[in-house]
Amino acid sequence: MAANVSLRNVAKHFGAVKVVDNISLEIEPGEFVVLVGPSGCGKSTTLRLVAGLEQISDGTISIDNRVVNNLAPKDRGVAMVFQNYALYPHLTVRDNISFGLRLGRMSKADIDAEVTRAASILELGPLLDRRPSDLSGGQRQRVAMGRAIVRNPSVFLFDEPLSNLDAKLRTQMRAEIKRLHSRLRNTVIYVTHDQLEAMTLADRIVVMRGGVIEQMGTPKELFDAPVSSFVAGFMGSPPMNLTPCSVVSNGDATSVTLGGTEKLSLPPAAREAINGTEQLTFGVRPEDIRLQPREGTQPINGLVELVEPLGGESLVHVRVGDDLFVMRAEGRTTVESDRPITLHLDMQRIYLFDRKGGRRVYHDMEATS
Amino acid sequence: MSGAIESPATFVKQPVRASKWGEVIETMRRDWMLYAMLAPALIWFLIFMYKPMYGLQIAFKHFSAFKGIEGSEWIGFAHFMTLFHSDQFLRAISNTLVISFYSLILAAPVPILLALMINEVHSKGFRKTVQTVLYLPHFISVVIVAGIVIAFLSPTTGLVNTALRALGLEQVYFLTRPEWFRGIYISSGIWKEAGFDSIIYLAAIMGINPALYESAQVDGATRWQMIWRITVPCILPTIAVLLVIRLGHILEVGYEYIVLLYQPSTYETADVISTYIYRLGLQGARYDLAAAAGIFNAVVALILVLTANKISRRITRTGVF
Ligand SMILES: Nc1ncnc2c1ncn2[C@@H]1O[C@H](COP(=O)(O)OP(=O)(O)O)[C@@H](O)[C@H]1O
Ligand SMILES: [Mg+2]
């Protein structure tokens with residue numbers, strides 16, 4: 001029983017401060033949508049507007065084709081999982097999970113059946129009689145999800161549910177949430193500031209910045225075709241290398257200068273796209289920088305500043321003039337710190353952004369797809 | 001040890017000392033500032049709490065001011081026997097227990113209810129006003145409170161009796177009638193302290209994670225359900241601890257306020273252990289007998305505190321110690 005969720009020109013201000021500014025978003029039934037963005041960009045507020053924990057200042061929110069602007073949270077068919085779990089410390093796991101059900105007129109047998117069902121989905125059976133204080137972080141998180149599941153909501157709302165867990169547990173719980181979604185198929189709106197979580201979980205990602213939607217699309221779309229340097233710098237780990245560059249036109253050829261010294265000549269399509277703009281940001285993903293020349297690459301020279309071994313690969317930080325580039329070196333690398341190095345940039349995969357406003361002005365989509 | 005105040009000396013290997021005391025002296029030398037800050041409280045305890053204990057021995061002596069504490073002769077438990085054969089002392093014990101019991105069941109819940117009510121007030125200005133009005137009586141001296149109560153209940157000019165007369169009822173001599181004493185004592189005590197006592201519960205309520213309420217709101221809980229299913233259970237440990245403290249003090253009804261309110265005609269219900277000791281010791285100069293009464297009181301109180309703490313530990317997993 002998944003429902004669609006639709007936000008039309010939704011705004012929220014606290015006093016004079018606009019926290020959410022004219023957001024429009026259509027979510028399909030059963031879709032897993034992740035709101036991602038830096039801290040303070042209004043993700044939680046947006047989620048709380050959908051939940052009904054905050055009153056919207058302007059616009060319309062509908063759930064299941066029904067305008068819910070003035071409906072109480074409980075009548076919206078949503079369930080929310082909070083960042084710090086929000087478990088009742090004085091209640092057992094069983095009573096925590098059934099809290100919402102026990103408020104109504106549901107029979108004891110029905111409640112027990114629901115709790116048993118949720119416990120089996122989340123493998124909470126053996127923990128039902130414990131108190132939250134006797135549980136690990138991951139277990140608490142599962143209890144919080146159990147409390148949401150028993151309400152049979154048409155929309156699940158998650159507010160940074162994994163941010164209090166350590167890295168390993170986070171990976172595990174991420175998989176569990178994904179499994180849960182593929183089993184229950186409810187609509188999910190999931191808030192996180194972690195782009196990796198967004199990439200791995202989402203059917204569709206909504207990148208927010210300063211209360212507005214910067215871009216939305218599938219993880220692949222955002223990764224391959226970021227509309228702005230902000231999105232480009234947010235997605236990917238490590239994110240895209242972004243550096244200001246100056247444009248030099250010389251007759252037919254146009255080139256950009258990186259780090260003050262290194263010249264790269266732009267493909268003809270890029271020359272047209274930038275159309276005289278001089279203040280540009282040059283972008284290249286760490287994956288598109290190589291140590292050996294290939295077809296379509298151009299070299300720049302720099303100095304290795306740091307080699308970060310990650311096991312199967314290494315991140316190499318290279319200083320080029322005033323700029324710093326990060327690249328991935330596969331396998332065991334012979335690169336060492338404080339040595340000169342030549343990087344080969346795949347010019348078919350570069351990005352150019354307008355430095356004012358950050359909009360993308362050039363990228364060769366065909367090369368990426 | 002907390003790292004902040006540790007001096008570099010910690011990291012220098014000290015020569016092994018022969019005794020444990022050497023180590024203690026060493027840490028005291030190193031953290032002398034901490035000990036200096038502790039000193040005033042320790043000195044206060046020594047002078048005003050521990051040193052007088054020396055004099056407690058007079059409870060077991062036939063004390064004579066001329067012979068002094070040392071010189072007076074031992075008489076064992078004779079004073080205790082005297083006390084337990086004294087109707088006045090037994091009456092004082094029973095009065096103390098009755099007054100304490102009624103305060104416990106009538107006065108203890110009031111600050112909790114006040115805190116719950118204050119917490120539901122959402123208008124900031126109104127809330128501040130309410131809190132100020134409630135806290136104010138705490139800062140009035142008991143002498144003045146007693147004065148207010150006496151004036152209020154005065155048979156001729158008091159507000160209550162004036163009202164009774166206006167209604168055509170007979171006036172009541174409240175403060176001379178033993179059956180009125182407990183009610184007057186407890187209700188004026190509530191008026192004076194309940195507001196201030198609510199602060200601690202209010203602080204406990206403030207400490208509850210707001211997400212618990214939001215989660216309950218999404219689940220469809222009403223305000224009423226939130227109070228009973230979240231707020232009250234969450235402050236239960238605080239309630240339990242304060243109850244333990246109160247139970248421990250059940251034999252300690254303060255004498256000042258009672259001395260100000262009672263009179264011989266109300267001793268029957270008003271005379272408690274502390275006022276009895278006060279009259280016996282300070283007015284009657286029977287220091288040895290008063291000391292014996294005091295020791296008895298303290299021992300029973302200690303047993304009560306320990307018992308209450310144990311019960312609290314078992315029920316709420318919280319205790320004072
Ligand atoms: N109740 C409130 N009153 C005033 N400002 C608020 C309130 N709630 C949130 N804000 C502000 O709104 C902005 C966005 O908050 P939030 O939605 O929590 O951000 P995010 O979840 O993306 O980190 C923040 O700057 C925050 O300070
Ligand atoms: Mg947030």
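## Around B:Thr275

Start with the neighbours: leaving aside residues up to four places away in sequence, B:Thr275 touches B:Tyr255, B:Ile258, B:Val259, B:Tyr262 and B:Ala270, a contact being heavy atoms within 4.5 Å. B:Thr275 sits in helix α15 of chain B, residues 273–283 (helices are DSSP runs of H or I, at least four residues, and strands are runs of E, at least two, numbered from the N terminus). With a relative accessible area of 0%, B:Thr275 is buried (under 20%, with a 1.4 Å probe and protein chains only).

## About the model

This is a predicted model, where local features need pLDDT of at least 70, side-chain atom pairs count only at pLDDT 80 or more, and totals for chains, interfaces and linings use all residues. Residues are numbered from 1 along each chain as its sequence is written, chains are lettered from A and ligands numbered from 1 in the order written, and side-chain values use heavy atoms, with hydrogens and water left out.

## Where A meets B

Chain A brings 23 residues to the contact and chain B brings 17 residues. About 1,700 Å² is buried between the two chains, 57% of it from carbon and sulfur atoms; that is accessible area (1.4 Å probe) lost on putting the two parts together, summed over both. A:Tyr88, A:His90 and A:Leu103 supply 29% of what chain A buries against chain B, more than any other three residues.

The rule finds two salt bridges across this interface (a side-chain nitrogen of Lys or Arg within 4 Å of a carboxyl oxygen of Asp or Glu). A:Arg48 and B:Glu214 meet in a salt bridge through their side chains, at 2.6 Å, N to O. On the chain A side, β6 (78–81) and α2 (93–103) each supply at least two of the residues touching chain B. α2(A) gives the most, with four residues.

Terms used. Buried < 20%, exposed > 50% of the residue type's maximum accessible area, 1.4 Å probe, protein only.
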